[in-house]
Amino acid sequence: YASVENTPWILVVELRSDKAYAGVRLLTMQFLVIIILGELFVFVLSIALARFFSRHLQVIVDRIQLVAAGDFEPRMVIWSGDEIGQMARAFNQMTEKLRDAFIQNRFAVVGEVSIWVAHELKNSLAAVKSFVQMFPRRYLDREFIETFNRVVPGEIGRWERMLAELSGFSSTIELRLSRCDLNELLRDVP
């Protein structure tokens, strides 16, 4: 109700409550729809972001498994400058260091094997050389011939075994997998 100015009258308007609060109900419904749509948008966006990041992380996991299996060739494409891009860059540098260490280790092993083979061949050749040099003078000596027939074929057998071991060594690569501290490996990465 309201009083009418300059008159003794009062104006009363009667309105049903459902019509009076219709505007409030409409605003409430609009706010609820906006809130629900906003929550739905955030939910869909979070799923999309999770898939985006997990896909990139899966690529990293796949590459790590290849390197763990001894394949040092896979390089990661650096697609961003964020933490995932930094991880890809660090992975590439770590793989390069692992490949270099593997090659250096391989050369070190080959060097050690070469020293061993040279030593064994030198000793074996010295024995065979002595027998061959003495043969023209002692070929009628039965004891010498028995020793010659035992030692020289034995030394030749050693040469054959060494060559077989070297052939097997050069054709196989044995990887020894072990746990390592990635923080320590990545410490030198800029």
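**View 1. F144 and F148, a pair of aromatic rings.** Both F144 and F148 are buried, where buried means under 20% relative accessible area, exposed means over 50% and partly exposed lies in between (1.4 Å probe, protein chains only). Keep in mind that this is a predicted model, in which local features need pLDDT of at least 70 and side-chain atom pairs count only at pLDDT 80 or more, while totals for chains, interfaces and linings use all residues. Residues are numbered from 1 along each chain as its sequence is written, and side-chain values use heavy atoms, leaving out hydrogens and water. Why are F144 and F148 separated by about one helical turn? They sit four residues apart in helix α4 (residues 142-171), so about one turn lies between them. Helices are DSSP runs of H or I with at least four residues, strands are runs of E with at least two, and both are numbered from the N terminus.

Rings of Phe, Tyr and Trp (its six-membered ring) pair if their centres lie within 6.5 Å; planes under 30 degrees apart are stacked, over 60 edge-to-face, and the rest tilted. By this rule there are five aromatic pairs. The ring centres of F144 and F148 are 6.0 Å apart and their planes meet at 40°, so this pair is tilted. Ring pairs also link F131, F135, Y139, F144 and F148 into a cluster.

**View 2. The largest nonpolar core.** Which residues form the largest nonpolar core? Its eight members are I60, V67, F72, M76, I84, A88, F91 and M94. A nonpolar core is a set of buried Ala, Val, Leu, Ile, Met, Phe, Trp, Tyr and Cys residues joined through side-chain atoms within 4.5 Å. Helices α2 (22-68) and α3 each supply at least two residues of this core, and α3 gives the most, with four. Apart from it lies another core of five residues, including F131, F144, F148 and V151.

Now look at F72: not counting residues up to four places away in sequence, F72 touches V67, T95, L98, R99 and F102. Contact here means heavy atoms within 4.5 Å.

**View 3. N92 in helix α3.** Find N92 in helix α3, which spans residues 83-138. Is N92 buried or exposed? Its relative accessibility is 5%, so N92 counts as buried. Leaving aside neighbours within four places in sequence, N92 is in contact with R75, M76 and I78.

View 4. V33, L37, L40, F43, V44 and I47 make a nonpolar surface patch of about 560 Å². Patches are made of residues with over 30% relative accessible area and no salt bridge; like charges are joined within 9 Å, and nonpolar side chains (Val, Leu, Ile, Met, Phe, Trp, Tyr) within 5 Å. A salt bridge is a side-chain nitrogen of Lys or Arg within 4 Å of a carboxyl oxygen of Asp or Glu. Accessible areas come from the Shrake-Rupley method with a 1.4 Å probe, and for residues only the protein chains shown count as cover.

**View 5. N6 in a loop.** N6 lies in the loop between β1 (2-3) and β2 (10-11). At 81% relative accessibility, N6 counts as exposed. Most residues other than glycine have a negative phi. The phi of N6, however, is near 60°, a positive value.
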